Amino acid sequence: MPEELWPLRHEALNSIEGLALLYNLAAQACARQLPGDMVECGVYNGGSAAAIGLAIRHYPKRLWLYDSFQGLPTPTIPDGHEAARFAGELIGKPERVQARLAEAGLSADATILREGWFAETFAQPGPDAVALLHIDADFYDGVRAALRHFYDRVVVGGVIILDDFAWWEGTRRAFYEFCVERDVAPIIHRHGVTGALYWFKEETYARSHATRPTAGPSSAEPNPET
């Protein structure tokens with residue numbers, strides 16, 4: 001785990017272990033020479049984006065970032081009763097995102113920042129192929145929209161990460177409904193106290209206990225075999 005991850009903890013809503021997971025998954029996608037760019041939906045102040053940026057800064061990949069920078073939207077019924085009190089919270093600032101990415105050493109040319117609600121920004125030109133999709137949209141509508149919009153662009157072997165899976169009811173509902181809608185049954189992996197969920201697209205076998213991430217120190221260093 002690079003030392004540069006530690007300062008990012010103060011600009012992220014993620015633990016250092018969560019940042020390390022994102023860094024390792026992005027680095028792994030680069031090492032495996034997967035085609036496609038990196039995408040993050042839900043950016044806040046750029047801590048998680050910078051962790052991904054650290055991993056890809058020496059590779060010919062771009063980082064696409066999507067956030068309203070107006071805080072969390074109004075939740076809907078699938079988000080449950082508790083979600084309502086978080087509407088409007090977690091307002092990030094684009095300039096802080098750009099500062100974190102610069103500190104990570106990612107060039108401005110390698111970053112595309114789409115500011116606005118997903119309904120608007122997803123309609124704009126985006127990546128043709130995606131090697132890593134990090135969805136940290138929290139509520140049902142945003143998670144569902146991100147999965148529907150980007151899933152088909154994720155390359156075989158690419159990774160999809162749903163942040164805070166155990167924390168937000170809407171995130172879970174969007175995931176389960178998407179799996180039924182698309183008739184997919186991914187082999188899922190869990191990580192961290194907020195229960196991030198991730199899977200590798202079209203993975204068709206279960207890893208051995210020797211390579212599967214665990215709750216211990218190695219949990220931030222998954223080892224997907226191909």
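Which residues does Leu132 touch, not counting residues up to four places away in sequence? Some notes on that and on its surroundings follow.

1. This is a predicted model, in which local features need pLDDT of at least 70 and side-chain atom pairs count only at pLDDT 80 or more, while totals for chains, interfaces and linings use all residues. Residues are numbered from 1 along each chain as its sequence is written, and side-chain values use heavy atoms, with hydrogens and water left out.

2. To take up the opening question: Leu132 touches Leu22, Leu25, Ala26, Asp37, Met38, Val39, Ile52, Val159 and Ile161, leaving out residues up to four places away in sequence. Contact here means heavy atoms within 4.5 Å.

3. Leu132 also belongs to the largest nonpolar core, where it is among the residues that touch the most other members, together with Leu25, Met38, Ile52, Ile56, Leu63 and Leu101. That core has 35 residues (buried Ala, Val, Leu, Ile, Met, Phe, Trp, Tyr and Cys joined through side-chain atoms within 4.5 Å; buried means under 20% relative accessible area, 1.4 Å probe, protein chains only). Helix H2 (16–31) gives the most to this core, with 9 residues.

4. Lys61 deserves a look too: this residue is buried yet has no salt bridge, and the nearest side chain of opposite charge, Asp37, is 5.7 Å away. A salt bridge would need a side-chain nitrogen of Lys or Arg within 4 Å of a carboxyl oxygen of Asp or Glu. The Lys61 side chain does reach the backbone oxygen of Leu34, at 2.6 Å.

5. For the chain overall, buried residues make up 53% of the 226 residues.

Key:
Buried means under 20% relative accessible area, exposed over 50%, partly exposed in between (1.4 Å probe, protein chains only). Lys and Arg count as positive and Asp and Glu as negative; His and the chain ends are not counted. A polar contact is a pair of N or O atoms within 3.5 Å; within protein, one must be able to donate a hydrogen and the other to accept it, and residues adjacent in sequence count only if both atoms are side-chain atoms. Helices (H or I, at least four residues) and strands (E, at least two) are DSSP runs, numbered from the N terminus.
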